[in-house]
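Here is a friendly walk through one protein model, with an eye on its packing and its charged pairs. Have the coordinates open as you read.

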Amino acid sequence: MSVLEIDHTGFLLDGKPFRLLSGGLHYFRVHPDQWADRLRKARLLGLNTVETYVPWNLHQPRPDRFSTDGPLDLPRFLELAAAEGLYVLLRPGPYICAEWEGGGLPSWLLAEPGIRLRSRDPRFLAAVDDYFALLIPALRPHLASQGGPVLAVQVENEYGAYGDDTAYLEHLAAMLRRCGVDVPLFTCDQPADLERGALPGVLATANFGSRSGHHLAELRARRPESPLMATEFWIGWFDRWGGHHVVRDADQAARELDELLATGASVNFYMFHGGTNFGFTNGANDKHTYRPTVTSYDYDAPLDEAGDPTEKFTAFREIIAKYAPVPDEPIPPRGPKLSLERVPLTDSASLLACAGELGEATRSERPLTMEQLGQDFGFVLYETVLPHAGPALLEIEQVRDRAQVFLDGRPVGVLERENHEHALAFTVPRAGARLSLLVENQGRVNYGQGIHDRKGLPGRVLLDGADLTGWTCRPLPLTSLDRVPFAPATATPTGPALHRGTFELTETADTFLHLDGWTKGCAWVNGFALGRYWSRGPQRSLYVPAPVLRTGTNEIVLLELHAAHRPRTVSFRGTADLGPTEE
């Protein structure tokens with residue numbers, strides 16, 4: 001049993017000095033069949049520890065549903081880490097940020113009017129207590145005190161950037177202890193927020209990406225008798241739709257790592273392997289303008305999105321070798337990749353026409369939010385009948401996040417939260433025309449007060465200044481496409497449509513789905529949700545993990561929200577296209 005101890009000299013493991021050399025590896029962003037490969041490569045880099053968040057919103061998607069199965073089998077991930085000889089830093093939240101949908105907080109919390117997240121609001125604390133009571137007992141056998149790999153557990157996450165309620169943090173720490181966490185606890189904050197996010201008697205650590213000596217000296221001044229630890233040493237960054245692909249020079253990042261390790265500090269670099277925001281799981285930021293995060297979480301990390309070593313892997317390994325033993329094994333080669341050009345998508349189905357097969361409508365005088373409908377991700381189709389023909393002005397108080405507008409099934413415009421758009425003028429063709437609003441949740445805000453981010457249409461909808469009433473609100477989570485009535489496409493459907501094709505494989509390997517000529521939507525391979533695509537970039541390909549594919553016949557489905565590419569084809573290629581970098 002190896003238990004981490006903390007004293008004024010630093011970390012001790014089994015009574016001997018110990019330095020944490022850790023890297024971020026989020027199990028929920030990696031296909032579970034690839035966990036072992038990524039963990040092996042962490043060891044080969046010279047790491048002795050990996051760090052992972054725990055996403056509450058996936059593990060408990062409804063108050064009465066909890067899972068640690070399949071892709072959420074965290075106990076198995078911890079067992080694999082231990083088998084590789086790696087320790088684990090566990091960060092269970094409840095809030096995780098992570099550029100993840102809602103910062104990992106489940107959307108059903110927002111069905112409560114006026115709830116204050118990350119606070120002592122009794123409704124929030126009751127939900128957190130219930131979650132920890134379900135999660136922690138399943139993980140207790142994997143704590144270091146029980147012979148497992150988990151050395152330490154984080155309390156909340158960068159709370160000092162959000163609030164300063166020490167009693168809230170004390171409640172979380174006490175709940176973790178009551179549930180059986182008997183390994184050291186720690187907090188992490190950016191240096192300027194350290195005191196607001198710290199907790200008496202709990203190790204305080206810092207997050208930064210440069211000026212390591214300066215920030216660690218600041219941490220030492222604030223905590224003179226605690227070990228120095230950078231819980232998030234940022235060695236790359238995330239991308240947003242409409243931006244550029246962010247990269248950080250490998251040599252420069254390695255120099256920063258060298259400066260950090262020369263101080264004797266422990267480190268967790270963020271990320272070792274970023275992975276992917278599969279499906280609809282990306283988050284967003286909103287600092288006066290809403291900015292959704294892209295599907296790829298490549299993060300310009302030592303392992304790229306497909307798990308292949310990058311230039312940073314080699315550079316960091318050389319730096320780590322100056323301070324600790326590195327395995328005497330070669331750097332892993334890049335894995336095989338699959339290429340298949342111009343796969344035809346031969347079948348189609350109009351999304352508006354088949355919406356009744358994908359979600360059950362609820363009638364309401366005013367539009368219901370996604371949370372009121374009990375929905376986490378995807379789209380909501382709102383429909384009502386317009387009383388008069390002629391010119392009209394549609395005003396939507398809050399678009400969360402992108403509304404496509406249709407009259408009798410024909411597209412008349414788009415309103416985007418990101419562009420602060422709220423009004424659209426059009427001509428109603430007839431009295432009794434059907435107004436349809438297809439609203440996409442592009443990712444709940446994951447940072448700051450904006451996490452109270454209800455989706456759909458949270459406010460009033462007006463036509464010529466008068467409230468529109470008599471709505472049907474239809475959730476379209478798109479968790480299953482089994483009931484879509486695909487048929488051979490003789491003509492391109494008007495408006496959003498699902499397109500399906502098949503392709504044959506004699507062997508499988510990682511690949512990247514390229515969507516040249518397509519506009520915006522989502523993609524699935526063999527029912528596995530790859531994520532979103534958008535021609536505005538920067539990302540122009542989607543990672544397809546090898547375990548998703550099979551020998552024989554495979555299926556590809558796109559939901560294209562606008563005009564379909566002609567000819568309706570997609571390509572699988574051996575390289576990613578994450579977009580141009582900033583000059």
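A salt bridge here is a side-chain nitrogen of Lys or Arg within 4 Å of a carboxyl oxygen of Asp or Glu. Please keep in mind that this is a predicted model.

**Charged pairs**

By that criterion, the side chains of Arg-334 and Asp-304 form a salt bridge, with an N to O distance of 3.6 Å. This pair links distant parts of the chain, 30 residues apart: Arg-334 sits in the loop between α9 (311-320) and β14 (340-344), and Asp-304 in the loop between β13 (290-292) and α9.

A search of the whole structure finds 42 salt bridges. Three of them are set side by side below.

| Pair | N to O distance | Relative accessibility |
|---|---|---|
| Arg-123 and Glu-112 | 3.6 Å | Arg-123 33%, Glu-112 37% |
| Arg-417 and Asp-286 | 3.1 Å | Arg-417 12%, Asp-286 28% |

Take the Arg-123 and Glu-112 salt bridge, at 3.6 Å from N to O. Arg-123 belongs to helix α4 and Glu-112 to the loop between β6 (87-91) and α4, so this pair ties together parts eleven residues apart in sequence. Arg-123 is partly exposed, and Glu-112 is partly exposed as well.

In the Arg-417 and Asp-286 salt bridge, the closest N and O atoms are 3.1 Å apart. Arg-417 lies in the loop between β20 (410-416) and β21 (423-428), while Asp-286 is in strand β12 (residues 284-286), so the pair ties together parts that are 131 residues apart in sequence. Arg-417 counts as buried, whereas Asp-286 is partly exposed.

**Nonpolar cores**

Now for the packing. The largest nonpolar core has 107 residues, and Phe-124 and Phe-269 touch the most other members. Helix α4 (residues 122-139) gives this core its largest share, nine residues. Another core lies apart from it, with 27 residues that include Leu-368, Val-428, Leu-463 and Leu-468.

Beyond its neighbours within four places in sequence, Phe-269 is in contact with a list of residues including Leu-45, Leu-47, Phe-233, Ile-235, Leu-257, Phe-316 and Ile-320.

**Helix α9**

Phe-316 and Ile-320 are among the buried residues of α9, along with Lys-312, Phe-313, Ala-315, Arg-317 and Ile-319. Why is α9 described as largely enclosed by the rest of the structure? Seven of its ten residues are buried, so the description follows from that count. These buried residues pack against β4 (21-25), α1 (35-45), α8 (250-262) and β11 (266-273).

**A buried glycine**

One last stop is Gly-495, in the loop between β26 (487-488) and β27 (497-505). At 14% relative accessibility, Gly-495 counts as buried. Setting aside neighbours within four places in sequence, Gly-495 is in contact with Phe-406, Glu-560, Leu-561 and His-562.

Terms used
Residues are numbered from 1 along each chain as its sequence is written. This is a predicted model: local features need pLDDT of at least 70, side-chain atom pairs count only at pLDDT 80 or more; totals for chains, interfaces and linings use all residues. Side-chain values use heavy atoms; hydrogens and water are left out. Helices (H or I, at least four residues) and strands (E, at least two) are DSSP runs, numbered from the N terminus. Buried means under 20% relative accessible area, exposed over 50%, partly exposed in between (1.4 Å probe, protein chains only). Contact means heavy atoms within 4.5 Å. A nonpolar core is a set of buried Ala, Val, Leu, Ile, Met, Phe, Trp, Tyr and Cys residues joined through side-chain atoms within 4.5 Å.
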